[in-house]
Amino acid sequence: MSKQSVTVVGLGPMGQAMVRAFLAAGHQVTVWNRTAARAEELVAEGARRADTIGEALAANELVILSLTDYDAMYTVLGPAAEALAGRVLVNLSSDTPEKAREAARWAARHGARHLTGGVQSPPSGIGKPESATFYSGPRDAFEAHAATLGVLTGTDYRGEDPGLAALYYQIQMDVFWTAMLSYLHALAVADANGISAQEFLPYATSTVASLPGFLEFYAPRIDKGEHAGDVDKLAMGVASVDHVLHTTKDSGVDTSLPAAVRDVFRRGLAAGHAGDSFTSLIEVFKKEAA
Ligand code: NDP
């Protein structure tokens, strides 16, 4: 059976890696990009260039979008909206869950189906099954194209709600950026005290490697709303965070990050959680959102 042919719209580093992965797996690929010159090398490698976005949409049922964000999708597809009927748009551009839901409604109004994707890999991970992408949207559309999408990365279907793939992606990013920022802050304190990133590396690695154990221990308790202070107490946590803050200040380093952390801990104390686990701080976050 011949491999399904695909259209890729958007040829940034990600889109280019995707086109190459499809070509390497024997798929015919039609490409379109706002800056046409970015298609040249790919055409030399075997991709077909569409001269217009309408032509790119007409070429294949399966259309992969790899654009900076969802606003770019409207800019690109808007003028060719009449060519959307019958297409499956697999939107691998990053954006918010709400933008993904809105895009799914917009696509449906034009007779297209929208699958949201959240790619958890840099361009170098594209074409590798050990990389992963969250998908959400109509299950039958996902299942019909899962094998082709699997050429790009492993696939992880999260459900029908078009916002889900974006949501899973964003909560992963929430962990990633906050954790990496704390690492950079620790390095600034280390540097102020003559310790290099290389010297700190084994210790930072060991701390990060200890985190999965904490997550596994606390996740079921958090799901049950249990914040027993049997293993740790928030009052102890506040003292520890205070020590980090003062070490930062004594080192002449910017205190905004540990000060923000201490502020959250203090709000937990004020809410009466001193004797509970630090996980009770999730209640502080939930209240903030209400
Ligand atoms: P780039 O921002 O480099 O590529 C963006 C693409 O979008 C280009 O083809 C660009 O066209 C096009 N584009 C942007 N704005 C417009 C517009 N207004 N009209 C028409 N075309 C537009 O991104 P990447 O390739 O790095 O990433 C693509 C998506 O994948 C992003 O959403 C990114 O967040 C996500 N992602 C990226 C990762 C990475 O490591 N790079 C990792 C995981 C996800 P032109 O060439 O003409 O400028």
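Predicted model: local features only at pLDDT ≥ 70, side-chain atom pairs only at ≥ 80, totals over all residues.
# Helices and a sheet: a quick chat

Visitor: Which residues make the contact?
Guide: From α4, Y70, D71, M73, Y74 and L77. From α5, K99, A100, E102, A103 and W106.

Visitor: How many of those are nonpolar, polar or charged?
Guide: Seven are nonpolar and three are charged. No polar residues take part in the contact of α4 with α5.

Visitor: OK, new topic. In what order do the strands of the sheet run?
Guide: The order is β3-β2-β1-β4-β5-β6-β7-β8. That is eight strands in an open sheet, and the pairing is mixed.

Visitor: Which strands stand at the edges?
Guide: β3 (48–49) and β8 (153–159). Each has a single partner strand, so one side of each is left without a neighbour in the sheet.

Visitor: What about β1 and β2? In which sense do they pair?
Guide: Parallel, over four bridges. β1 covers residues 6–9 and β2 covers residues 29–32. Look at T7: its bridge partner in β2 is T30.

Visitor: Back to α5. Which strands does it touch?
Guide: Helix α5 (residues 97–109) packs on the sheet and touches β5 (88–91) and β6 (113–119). The direction of α5 makes about 155 degrees with that of β6.

Visitor: And how do α5 and α7 cross?
Guide: At roughly 165 degrees, with the axes coming within 8 Å. The two helices are therefore roughly antiparallel to each other. The crossing of α5 and α7 is right-handed.

Visitor: Who makes the contact there?
Guide: P97, A100 and R101 of α5, with G163, A166, L167 and Q170 of α7. By class, that contact has four nonpolar, two polar and one charged.

Visitor: What does α7 do with α8? How do they pack?
Guide: Helix α7 (residues 163–192) and helix α8 (residues 197–223) pack at an angle of about 130 degrees. Their axes are 10 Å apart. That angle makes α7 oblique to α8.

Visitor: Is that crossing left-handed or right-handed?
Guide: Right-handed. The contact is made by Y183, A186 and L187 of α7 and by A197, F200 and A204 of α8.

Visitor: How does that contact divide by class?
Guide: Six nonpolar, no polar and no charged.

Visitor: Last topic: aromatics. How many aromatic pairs are there?
Guide: A search of the whole structure finds seven. One of them is F134 with Y168, a tilted pair. The ring centres lie 5.4 Å apart, with 45 degrees between the planes.

Visitor: Where do F134 and Y168 lie?
Guide: F134 lies in strand β7 (residues 128–136), and Y168 lies in helix α7. So the pair ties together parts that are 34 residues apart in sequence.

Note on methods: Residues numbered from 1 in each chain as written. Heavy atoms only, no water. Pairing = 2+ DSSP bridges. Contact = heavy atoms within 4.5 Å. Axes fitted to C-alpha atoms, helices over the stretch in contact; angles between N-to-C directions. Parallel < 35°, antiparallel > 145°, perpendicular 65-115°, else oblique. Left-handed = near helix turned anticlockwise from the far one by under 90°. Nonpolar A, V, L, I, M, F, W, Y, C, P; charged D, E, K, R; others polar. Phe/Tyr/Trp six-rings, centres within 6.5 Å; stacked < 30°, edge-to-face > 60°.
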